[in-house]
Protein chains: 2
Amino acid sequence: MHFCHAGRREGSIMTKQSFILKGNICYSKSKEEFAVTEQGYLVCIDGISQGVYERLPEQYAGLPVTDYGDALILPGMTDLHIHAPQYTFRGLGMDLELLEWLETHTFPEESRYQEMEYAKKAYGIFTEDLKNSATTRAVIFATIHRPATKLLMDQLEATGLKTYVGKVNMDRNCADYLREAGAGASLEETKKWLEETMGRYQNTKPILTPRFVPTCSDELMEGLGQLQKQYQLPAQSHLSENLSEIDWVKELCPWSTCYGDAYDHFGLFGKNGNTIMAHCVYSSEEEISLIERNGVYIAHCPQSNTNLSSGIAPVRKYLDRGLKVGLGTDIAGGANLSMFRCIADAIAVSKLRWRLADQSWKPLTAEEGFYLATVGGGSFFGKVGSFEKGYELDALIVEDGHERCARPLTVKERVERYLYLAGEQGRLTGKYVAGQKLF
Amino acid sequence: MHFCHAGRREGSIMTKQSFILKGNICYSKSKEEFAVTEQGYLVCIDGISQGVYERLPEQYAGLPVTDYGDALILPGMTDLHIHAPQYTFRGLGMDLELLEWLETHTFPEESRYQEMEYAKKAYGIFTEDLKNSATTRAVIFATIHRPATKLLMDQLEATGLKTYVGKVNMDRNCADYLREAGAGASLEETKKWLEETMGRYQNTKPILTPRFVPTCSDELMEGLGQLQKQYQLPAQSHLSENLSEIDWVKELCPWSTCYGDAYDHFGLFGKNGNTIMAHCVYSSEEEISLIERNGVYIAHCPQSNTNLSSGIAPVRKYLDRGLKVGLGTDIAGGANLSMFRCIADAIAVSKLRWRLADQSWKPLTAEEGFYLATVGGGSFFGKVGSFEKGYELDALIVEDGHERCARPLTVKERVERYLYLAGEQGRLTGKYVAGQKLF
């Protein structure tokens, strides 16, 4: 890595977040195609991309240039669904299905976050690892505990990552030790938490987080729906992940026409604010139409849906329909924090779905997987996930170890294989979020 | 890591490959269960395990002890199916199915190995990476080229890894540039290669390698069958990987009762020597019976079968039937060299098979995946893959990074999660093969 200046001239723009990155630049031109510029210039003014250039336009001379040599420069990635408190037991208990796994592993672990000492240590490890990962933006579940959730937000704020964080709501159908004392108490805590956090951070924002229908009473859902309307907040939850879960929701809300309707009924399905629903493995045609009409985001979590034997979501169908789709690691349903791995997993399961279940939907390509992890999920944060002019500049510097290959590879080949090799070869050596250099 | 001596006494055994390893030791007690000894002693005499002890028996005092502190000590792993020349393009072209992928990526790359300079460079990278991986034993496809195959064997010999390597045979149904000049020429080259390599190495042995039925004429198969009988050689090939491939074999060998029979007909299906068949995704009941009767090894390659959209082999069925099964990365059908990843992939696809295709066969557990990668595949090499008394001592020293967890983990939990986290956290810091320390 070499630092230099592209020359100085009068009136040049010189803020902290105005600079040029030089290297092998790749981003999604469209869902189907990479835009590749070898040894190109990525121009950033005040944290916003001014585009990628083969030759540096005269008007940007004077900006500091960081030359990353032969490295890859890729857009930052958005993890649309991740549970921070579950980071501790990722890779454990992977032989259970969803509802049993929640009882056996998840709820006992989440109850530990009533102790602030534990939360400080555990969230400290999580935030540090997240900072060092390929993720530049994330939408995160915490636990029911207000103080620990605030602590997580403080820690995340310090990393420079851009995140939404949710204090979880749950007032039924879970062990005493993790059940809030009724809808009223849950809503009170949520209001206090919103007062403590809304507009208080530069990088970190609250998001309403009813865990899922089975653990939230109608009264709680009703109250959360009102909060969303009142404060125009985003929301996140789980949808149609597992067959037993779907049956359970039908029992709990016999009036609902589909699982999604059990959120929509309370206004918590995209009508009153940006909403993410994780999984959508088994969404019916009716549910898909509702997702479409309400502009709900789908967080596709391929590794989690595999580890918990849930199934495989029809992502190609969602993409072709023009729905809003991104990827989620769903730690600890998914064991791996890497969004590169998440892309590879999304491609992998789409092939098995095609082979084993339904040949009407073709597998995802590398380009499509990359798009989902960058532009797809990034759009939840605004103009994020691309290097096109006008996008917030989130960038990864990747030394992919391509020199350990007997023959030269094109930049496109290097990007494609890094999706698969990220855990074995090469490493992430630099990261920018909204124009700020994290490392 | 600390070196010390456990004391000296008269008559103690002190060969180079006699020593004691101390640490957190875990291996397969059975398919279903781990044997775990915290801070235990693994005793090795002349390269052979004398078992694992909580307290060091008096008789072994005097042997040098290497104390690996808090690290995990695990059995080495066997990769039962891997193509060395394909290492160069792993992670590329993953949007094609088998037969198209062979034409487009595999055959052009393999043709480069007629140039020894290229082979030296490419195989040099492969062997170095394999040495640094979790693999202690491997069964490897080279190419049709005798000199390059010999070179690969020379390079592998120097690593200390124990391997079988095959010069590939193919005399039909492939591009001119990779087709041997008839069955006679292919057999002549094979004989020359056997003369050059049989019994010439300490760690490296030749294995007969007809690529697969479609690329081998009856005459070639006949000749290879005779060679196997004559020299009592092991053999390896591919079986029932892809539906189009199976149809093709049926066309080429209308007389065969199943794909496996197209090998068995020529004696190349386990009757005359240990034989490995990779994949067995679609083996019929008749084929499975033939595999069982002939004691053929199945190399299950979960990531490759996913990447090439082949399908998912019913490994649980094979295990329950008592067949000989191990795991293979199948580079470059699989993109990852790590056998830990291979275990995680085997577990993952077994869950998707259960969910999407056939609930009569339960998913694999972590214990079973671990067993397949150690004892399952290891048994192809003899008593390999366990620390029980009498096994050749192949061991991995793993610093799994468990200290980056907010709460203490048991050794069993650490092993379980490392199957999933190997690419993200922790690292392999030491390796022994048959009692020889590689690093």
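Two strands are taken to pair if DSSP finds at least two bridges between them. One of the positions involved is A:Ala278, whose bridge partner in β14(A) is A:Ala299. The model in which these pairings are found is a predicted one.

The pair belongs to an open sheet of four strands in chain A, ordered β12-β13-β14-β15 and paired in parallel. Strands β12 (235-239) and β15 (324-327) of chain A are at the edges of this sheet, and each has a single partner strand, so one side of each lacks a neighbour in the sheet. On average, and with direction ignored, neighbouring strands here are turned by 30 degrees against each other. In a regular strand, side chains alternate between the two faces of the sheet. Helix α12 of chain A, residues 366-378, lies across β14 and β15 of chain A. The direction of α12 is at about 110 degrees to that of β15(A).

The C-alpha trace spans about 65 × 50 × 40 Å along its principal axes. Of the 439 residues in chain A, 67% are buried. Among contacts in chain A with a separation of 6 or more, 75% are between residues 24 or more positions apart. The chain exposes about 15,000 Å², of which carbon and sulfur atoms supply 47%.

A:Ser283 is in the loop between β13 and α8 (285-294) of chain A. Its relative accessible area is 10%; the cut-off for a buried residue is under 20%, so A:Ser283 counts as buried. The side chain of A:Ser283 makes a polar contact of 2.7 Å with the side chain of A:Glu287. Leaving aside residues up to four places away in sequence, A:Ser283 touches A:Leu239, A:Ser240, A:Ile288, A:Ile291 and A:Tyr318. Of these, A:Leu239 is a residue of the edge strand β12, which covers 235-239.

B:Arg316 is buried, at 10% relative accessibility. A polar atom of the B:Arg316 side chain lies 2.9 Å from the backbone oxygen of B:Pro363. B:Pro363 is also among the residues that B:Arg316 touches, together with B:Trp361, B:Lys362, B:Leu364, B:Thr365 and B:Glu368, when residues up to four places away in sequence are not counted. The C-alpha atoms of B:Arg316 and B:Leu364 are 6.6 Å apart, although 48 residues separate the two along the chain.

All seven residues of β6 of chain B, residues 77-83, are buried, so the strand is largely enclosed by the rest of the structure. Five bridges join β6(B) to β7 of chain B, residues 135-141, and the two strands run parallel. Within this pairing, B:Met77 stands opposite B:Thr135 in β7(B).

Note on methods
Residues are numbered from 1 along each chain as its sequence is written. Chains are lettered from A and ligands numbered from 1 in the order in which they are written. This is a predicted model: local features need pLDDT of at least 70, side-chain atom pairs count only at pLDDT 80 or more; totals for chains, interfaces and linings use all residues. Side-chain values use heavy atoms; hydrogens and water are left out. Axes are lines fitted to C-alpha atoms, for helices over the stretch in contact, and angles run from 0 to 180 degrees between N-to-C directions. Contact means heavy atoms within 4.5 Å. Buried means under 20% relative accessible area, exposed over 50%, partly exposed in between (1.4 Å probe, protein chains only). Accessible areas come from the Shrake-Rupley method with a 1.4 Å probe; for residues, only the protein chains shown count as cover. A polar contact is a pair of N or O atoms within 3.5 Å; within protein, one must be able to donate a hydrogen and the other to accept it, and residues adjacent in sequence count only if both atoms are side-chain atoms.
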